[in-house]
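Please keep the display open while I talk.

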Amino acid sequence: MTLAPILLFVYNRPDHVKRGIESLLANSLAKDSELYIYSDAAKDADAQPAVDEVRQFIHTIQGFKRIYYIERTENWGLARSIIDGVTTRINQHGRVIVLEDDLVVAPYFLQFMNDALETYQDEENVCHIQACDFTQDPTLPDTFLIKWTGSWGWATWKRAWQLFNPNGQELLDELIRRRLTHRFDFNGKYGYTRMLRRQIEGKNNSWAIRWNASLFLADKLSLNVGKSLIQNEGFDGSGTNCGSGNLYASDLWMKPLPVIKIQPIQENEEARNAFVRYYARTNSFLAKAFRRVRRTLRGDFGK
């Protein structure tokens, strides 16, 4: 099995990067894996000291087969950096594993991702692997197929990345034309269409919503997990795109997670319904109002 390179995107959170690297090194396959670290430049003077600290730390990392450093000389932002990084390395290697600096991985994360990349490499209808589960729904199987792509600890192949359409307006127009927005939004329970509209309007710069829509419109599937191999620590108020709180908390599965090819290759409707239930519970008006009051009471304003 050819191990996929790991692409790690970092910015100005040295403590998060250190915890993420420590967790990666606990994977037995780390020593045989190539690591590409993409370090974005500071967008202003206030961010510079933390960016410098991150860059100083990443050059002390050992324990991987080989480490490559891509240090931007200007601030690219996460979307541009990920799109460029994934495109470049996937054309070079044919497959990639992608992480951001606020993710902690389980000890068998790399084994699972590489096993899944190998198992589904020739399955044209499976285009994405997602290793994080935040629903904590006990009805989910260990692995399942769904038309939805998560962006926290994921992997893909060159054949799949060729389907990525960076033009949000084209994606939105097609979703509307084919009357798919309701299903794209998990039966209207979560505003993925709204997120895409906001990307078009320049109110967010999400690459992930465009990747999600690209595969959804192409009728492609993602292999997801019911036992999380990723924990997102970015909801501590430190991230650009994450507020605080434990809305997307997950418990790391610390044991091996076998990859057994699913047959037939089709969406698991029961798993989709689990996501519908999750979003119905967490994204309702009352749930959001309760979280806002709770944040206000503890002085967590604007997050």
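Let me begin with a convention: helices (H or I, at least four residues) and strands (E, at least two) are DSSP runs, numbered from the N terminus. What you see is a predicted model, in which local features need pLDDT of at least 70 and side-chain atom pairs count only at pLDDT 80 or more, while totals for chains, interfaces and linings use all residues. Residues are numbered from 1 along each chain as its sequence is written, and side-chain values use heavy atoms, with hydrogens and water left out.

On that convention the protein has 11 helices and 10 strands. Of its 303 residues, 52% are buried, where buried means under 20% relative accessible area, exposed means over 50%, and partly exposed lies in between, with a 1.4 Å probe and protein chains only. The protein exposes about 14,200 Å², and carbon and sulfur atoms supply 48% of that area; accessible areas come from the Shrake-Rupley method with a 1.4 Å probe, and for residues only the protein chains shown count as cover. If we take contacts (heavy atoms within 4.5 Å) with a separation of 6 or more, residues 24 or more positions apart account for 81% of them.

Now to the interior. A nonpolar core here is a set of buried Ala, Val, Leu, Ile, Met, Phe, Trp, Tyr and Cys residues joined through side-chain atoms within 4.5 Å. The largest such core has 69 residues, and those with the most contacts inside it are Leu 99, Phe 109, Phe 112, Ile 129, Ile 230 and Tyr 279. Apart from this core lies another, of 20 residues, including Val 86, Trp 154, Trp 161 and Trp 211. Going back to Ile 230, and leaving aside neighbours within four places in sequence, its contacts include Leu 99, Leu 103, Phe 109, Trp 152 and Leu 252.

On a 1 Å grid over the protein atoms alone, a cavity is a set of points where a 1.4 Å probe fits but cannot get out, whereas a pocket is an open set with protein on both sides within 12 Å along at least five of seven lines, and lining residues have an atom within 4 Å of a point. Grid points are joined across faces, edges and corners, and a volume is the space filled by probe spheres set on the points.

The structure holds two cavities of 30 Å³ or more. The largest has a volume of about 60 Å³, and β1 (6-10), α1 (14-25) and β4 (95-100) each supply at least two residues of its lining. Which of these elements gives the largest share of that lining? The answer is α1, with five residues. By class, the lining of the largest cavity has seven nonpolar, two polar and two charged residues, where Ala, Val, Leu, Ile, Met, Phe, Trp, Tyr, Cys and Pro count as nonpolar, Asp, Glu, Lys and Arg as charged, and the others, Gly among them, as polar.

The second largest cavity has a volume of about 30 Å³, and its lining divides into six nonpolar, two polar and one charged; Cys 132, Phe 134, Trp 148 and Phe 275 are among the lining residues. The second largest pocket, of about 160 Å³, has four nonpolar, four polar and four charged residues in its lining, including Asp 133, Lys 227, Ser 250 and Trp 253.

Finally, the backbone. Most residues other than glycine have a negative phi, and most peptide bonds are trans. Here, however, a cis peptide bond joins Gln 263 and Pro 264, with omega about -5 degrees, and Pro 264 lies in the loop between β10 (230-232) and α10 (269-282). Asn 187, in the loop between α7 (181-184) and α8 (192-200), has a positive phi near 60 degrees and is partly exposed at 32% relative accessible area. Asp 219, in the loop between α9 (208-217) and β9 (221-225), also has a positive phi near 60 degrees, and its relative accessibility of 47% counts as partly exposed.

Is Asn 27 buried or exposed? At 3% relative accessibility, Asn 27 counts as buried, and beyond four places in sequence it touches Val 105, Ala 106, Pro 107, Tyr 108, Phe 109 and Leu 110.
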